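Subject: Structure for you to look at

Hello,

Here is the structure I said I would send. My notes on what was found follow below.

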Amino acid sequence: MALEHAILVSLLEQPGSGYELARRFERSIGYFWTATHQQIYRVLKRMESDGWIDVREVPQQARPDKKEYSVAAPGRTALSRWLHEPIEPESVRHELAVKIRGAAFDDPVALIREVERHRQEHTDRLARYLAGERRDFTGPDAPATPDAGQELQHVVLRGGIAYERMTLAWLDDVLDTLHRLGPGD
């Protein structure tokens, strides 16, 4: 997937400035597709020159005017074309898994700290996903009757939650195994 497609989806959900778009990437879509502010602005400029997005100046008080981006007809066409293209199933390319296998030729116990670090990162990510789910989909301020866009956002988030839970279960299994292989075994 190109960054352009992630930006088109985000702008169709809600038009916004480059700054607002970057914040959305940090907060929601960024759970599944990351991009730096510089990458986002560079791609926005290219998308504007390709006619995929429209830009309007929004006056602000005591601050420079901001540019608000929205999807133009050619951008919708490009997204529609991409949505109908088949994609390859994602392959698992997992450096930690290779290290775990390689530990058989060194000291498996030496990996415990690294696996614990990964476990903490996935624990933190799961907590962010669950907080976002409560905030946007299941909490008291969530819409009583979500629209199709909200339903699809939620199903993607539920996939992320399931993935993090699966990863944590696997990391617990790895840690149990590493501890079992510790000194004296």
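Is G132 buried or exposed? With a relative accessible area of 4%, G132 is buried, because the cut-off for buried is under 20%. Please keep in mind throughout that this is a predicted model.

Helix α6

G132 sits in helix α6, which covers residues 112-138. Leaving aside residues up to four places away in sequence, G132 touches F137 and L157. Its distance to E68 was also computed: the two C-alpha atoms are 25 Å apart in space, and 64 residues separate G132 and E68 in sequence.

H118 belongs to helix α6 as well. The relative accessibility of H118 is 19%, so this residue counts as buried, the limit being under 20%. Its contacts, again not counting residues up to four places away in sequence, are L96 and L171.

Salt bridges

How many salt bridges does a search of the whole structure find? The search gives eight. Those I can describe are as follows.

- R119 and D172 form a salt bridge in which the closest N and O atoms are 2.4 Å apart. R119 is in helix α6 and D172 is in helix α7 (residues 148-180), so this pair ties together parts of the chain that are 53 residues apart in sequence. Both partners are partly exposed: the relative accessible area is 26% for R119 and 29% for D172.

- E68 and R56 form another, with 3.1 Å between the closest N and O atoms. E68 is in strand β2 (residues 66-71) and R56 in strand β1 (residues 53-58), and the pair links distant parts of the chain, twelve residues apart.

- D136 pairs with R135, and here the closest N and O atoms are 2.9 Å apart. D136 is partly exposed, at 29% relative accessible area, and R135 is partly exposed too, at 40%.

- E114, R117 and E121 are linked to each other in a network of salt bridges.

The two domains

The domain assignment of the protein gives domain 1 as residues 3-83 and domain 2 as residues 95-184. Their C-alpha centres lie 29 Å apart. As for contacts between them, four residues of domain 1 meet eight residues of domain 2.

The size of an interface is often given as the accessible area lost when the parts come together. For domain 1 and domain 2, the buried area is about 550 Å², and carbon and sulfur atoms give 54% of that. By class, the side of domain 1 that touches domain 2 has two nonpolar residues, two charged residues and no polar ones.

Which polar links cross between the domains? The rule finds one residue pair in polar contact across the interface of domain 1 and domain 2, with both residues at pLDDT 80 or more.

To recap the points to look up in the viewer: buried G132 and buried H118, the R119 and D172 pair between helix α6 and helix α7, and the interface of domain 1 and domain 2, where about 550 Å² is buried.

Regards

Methods
Residues numbered from 1 in each chain as written. Predicted model: local features only at pLDDT ≥ 70, side-chain atom pairs only at ≥ 80, totals over all residues. Heavy atoms only, no water. Domains from an automatic or database assignment. Contact = heavy atoms within 4.5 Å. Buried area = accessible area lost by both parts, 1.4 Å probe. Polar contact = N/O pair within 3.5 Å; in protein donor to acceptor, adjacent residues only side chain to side chain. Nonpolar A, V, L, I, M, F, W, Y, C, P; charged D, E, K, R; others polar. Helix = DSSP H or I, 4+ residues; strand = E, 2+ residues; numbered from the N terminus. Buried < 20%, exposed > 50% of the residue type's maximum accessible area, 1.4 Å probe, protein only. Salt bridge = Lys/Arg side-chain N within 4 Å of Asp/Glu carboxyl O.
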